[in-house]
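Subject: Structure for you to look through

Dear colleague,

Please find the sequence and the structure below.

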Amino acid sequence: MSVSDGSSVLVAADGAATGLPSRALLWLFGSFAILLTPQLDRLPIWLIAACLVLAGWRGAAQFGHVRLPGRWLRTGIMLVLVAVYIATVQGRFTVDTAASFFVLAVGLKWLETRTVRDFYVLFFILAYLGTVNFLFHQEIHWSLVNILAVALLLVGLQIINAPDLPGSVKAGWKRLGLMLLKTLPIVVLLFVFFPRMEPLWSVPLVSGQARTGISDTMRPGDISNLAQSSERAFRATFGGQLPAYRDRYWRGLILDYLDGETWRQSERDPLQRPGRVALDGGVGELETGEYDVLLEPTDQRWAFALEGSRAVSSNVIEESNDLFRFRRPADTSVRYRLAREDAGNQARESLTYEQRRRYLQLPATGNPRARQFARDLRTQYGDVELVRALLTRFREEPYFYTLRPPTMGENGIDNLLFDSQRGFCAHYAGATTFLLRSAGIPARVVVGYQGGAPGAGGDYLIVRQYDAHAWVEVWIGDRGWVRIDPTAAIAPSRIESGLRDAVADEGSFLENNWASPQRYADIAVIQWASLQLDRINYQWQRWIVGYQGQTQMNLMSRLPGGFGMRELGYLTAGIVGAGLLIAGLISAWQMRRGGSRDAFLRIIGGWHHLSARAGVPVRVGETPSTLAARLARAEPAVAESARLFAHSINSHYYSDGSSAGRDRELKRLRRLLQTMKKQLRRRHSTTGKRS
Amino acid sequence: MKNQVSKRWQRWVNRRLPRSDVQTFSQKNIFILPTGAGVVFGILLLIMLITGINYQNSLIYLVTFLLGAVFVGAMHQTHRNLSGLQLALVQPGEGVAGDEVPFRFRATAGRDDAVAILLSCEEFSLGATHIRAGQSKDMTLPVPSAYRGYLRPERIRVETRFPFGLLKAWSWIRPVSPGIVSPRPLAAPEVTSTVEAGEETEQASPATGNDHADLRPWREGDPSQRVMWKRFARNGQMVVADWEGERGSPHWLDFNAFPGADYELRLSYLAWLVNERERTGARFGLSLPGQVIEPDSGSTHVNRCLRALAVWGEERPRDAVTERHGSRRQKSDNAAGPSRRRA
């Protein structure tokens, strides 16, 4: 580098910022952008903005528009951003916040990416960012996006290692593709056989971010908000027939405490130690009556189950009131297995005094008309008749099922029942329970989902957030808890075929959610594509994402010779070893073959070897004749055969090369080579004797 | 202990890579190890695996295995990048002791492209070179020299880290043909010139004022000018006169002109004088013990003289000798050669 030249010194100073080739850096930028997308819904806005600014700064510096900040400025930026981070995190330490911090660290690293070493550091942390992404999204498209981003990184690495190589991008992709293709069998074998160990230590994933889904409180209007979301809640596969639409009541939790207008659980779930939900969702073919639910992450413990189910897989436990719970909140998608039992064999105990009081609880005041109405009914009917009368009233009076209920104001239940007569399932379920309790009949609100549309092929159900539903269970002395659904009385189509049909006249189905494919379900192509995509994702989640301990053990148990964890370990080591060995052998074989693609070349190689042993190594650019001449001088014994050999080679290379002559020439050359070997051996043995 | 191991390793490597001006790299002589980045990559894979285990995340397992496979694939790629490459020493360099001597190599790629090939010798290294399959490229590598004489680098390293820089495959070529390093010129002290200016006789004759001349029988290598031809004509005996004054002759650069000086020093003086003469374009001859170069001028002559100075008393390294680069052991074996100190 010339120091005397002022301009070149300037360039050198700038070179600190732009020492990395743009062609290589571009791939890291691309990868970073792609890796951020799966986290966009999760990351705070300021962090995304900061990342874009930091990476953009580095990009602008690359093209010489700005300078990279000096050490002080860099430290300042870092301190400010970390302070903002700490302020927003407020001491919550979860994987979510840790991942956000990691993203921040990646963003900050852009400012000090000056050397090849920094490039590698960035490569490593970006690769790990891809890993972190898998914690939050496991759908097939996000997986492909992540793997694509990692592939971009690997192409970038190839370019930084040969920045001036023309056509390196195309060659890089090709090389990477071939590499992955060749190693695919090993990857697959490893994936199948690598022992899925228990977590080494407990790591909570609960993110504390709001998730779409039902919650443990219900205010009038809550569920109608949920009805605007077409996000998937869970998918279920059934052994045997799908249940009829009207029987698809997925119970989630019971709200039995009315607090003003809000329904709550009277027993809060005990606070959970953070930990991971067990993912083993049962294995093997589904028996008739069994069904398998793949629940999207809810960060809650509750599992949704059809009425009258029992737990089959070990990761759900049955609690009182026919409810199912995970031991830990479902922070990732969880698969669990249940079985429907025949109705009738449920234990029919009576309510304790304590329970009776709980299911009759009402606020001290409010909704006087409803209370009065209930008292009137009470005087006329017994329990069963009263319930029937209520449902009849809902069916016959002009009650409307609507996604656009009016605001109810004070005494909302009075308002709903006697004035507006327009509401959503949550309104009617709450009002019905209120009436029943006012009439002295124990009742409770049940929240969950109702319905579910068949997926592609019709072999599983997709239940979405807009299938969220609330209904009522009422205690009838000799029958126990009985489900009644006022919504079914008001809008039978909601229960028979789903929300879309129920609000078809109103046109309010997903009216705020214009991007949802479900909104356009009447367009066959969109419907088909969305269902196919869902099917692929479902299989992906069941078999790839959900391939965990118990699933693996089950698969292994089908193999001959009981496979345990230890055997799997051995097998994995064996696969890796065998893979390396085979690869080594193949490359050795290729090498050998490479040296002898041509039979002539091989024979000539043999001749060169022989001459070298006789003390006449071949020189660069030497013709066969001159080598033969030198060989003849060194070893007169082989003079004649060497001359003939060289002559044959020449005639081969200068002939037209017809295949018939070719074989003859080959044979001749081979014979001559053998002769020379023999002659040499003989000569050496005679000289040996002489000495 | 460490020394011992390293010596053994060297011997082992040397056995695998016999000295040759042409070296084709293959499985037999390519070494491959992860780079620093490769080690970090391994640690990253471990961390990823632990993450996968702890979060029971199958996809993290999958991506870990994918990257692991890439690492193994990279091992083969890096190896293949170098294997099949042929490196030939086209021209060993010439230079001045202490400088870098350029050695020209020709690299010919085998069946595969050879991408990002680095050639290095000690701390000197060439930028990455790419050679398409079956094609050749010439590279000039500076080899550092410490002493005058034959310069035969012990090993020239050829390395590649392509494609990912996670692994390095390397080998060496151990050239046979030595470069020639002339002594570092040192400004010679004023030579006591006893020859009068203008006296341009080709014949060696006793200069005026010379009080002393040694007569001795002719030896091989004595310049013909010094032979007492008159005496030869008289009695057929070749007798040489060692005129004291002749050492000062401006035509002759004489090894013996610097009495008392170390031999290497004398060679350096002579190298300087040769350069001086070349600058002025003067005719000159060079007289070394055992070798005399007739007066002449021009660059060919200068080079010849410098080469003579470079290899005076040196023995051309033989193929079988596997000396460490820069060591001078053959010197002490060579009884005829003058004993020398470091230049």
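**A sheet in chain B**

Val96(B) has Ser182(B) as its bridge partner in strand S13(B), a strand being a DSSP run of E with at least two residues, while a helix is a run of H or I with at least four, both numbered from the N terminus. This is a predicted model, in which local features need pLDDT of at least 70 and side-chain atom pairs count only at pLDDT 80 or more, whereas totals for chains, interfaces and linings use all residues. Residues are numbered from 1 along each chain as its sequence is written, chains are lettered from A and ligands numbered from 1 in the order in which they are written, and side-chain values use heavy atoms, with hydrogens and water left out.

S13(B), residues 179-182, runs parallel to S4(B) and is joined to that strand by three bridges; two strands count as paired if DSSP finds at least two bridges between them. The open sheet has three strands in the order S4-S13-S10 of chain B, with mixed pairing, and its edge strands, S4 (94-96) and S10 (149-151), each pair on one side only. Helix H6(B), residues 299-311, lies across S4, S10 and S13 of chain B and runs at about 90° to S13(B) (axes are lines fitted to C-alpha atoms, for helices over the stretch in contact, and angles run from 0 to 180 degrees between N-to-C directions).

In chain A, helix H2 covers residues 22-36, and its buried residues include Trp27(A), Leu28(A) and Phe32(A), where buried means under 20% relative accessible area with a 1.4 Å probe, protein chains only. Among the elements that cover them are helices H3 (45-62) and H6 (116-136) of chain A.

Beyond its neighbours within four places in sequence, Leu126(A) is in contact (heavy atoms within 4.5 Å) with residues including Leu28(A), Phe32(A) and Leu153(A).

**Where the chains meet**

The contact takes 58 residues from chain A and 48 residues from chain B. About 4800 Å² is buried between the two chains, and carbon and sulfur atoms give 72% of that area; buried area is the accessible area (1.4 Å probe) that two parts lose on being put together, summed over both.

Terms used
Expected span 1.5 Å × (residues − 1). Buried < 20%, exposed > 50% of the residue type's maximum accessible area, 1.4 Å probe, protein only.
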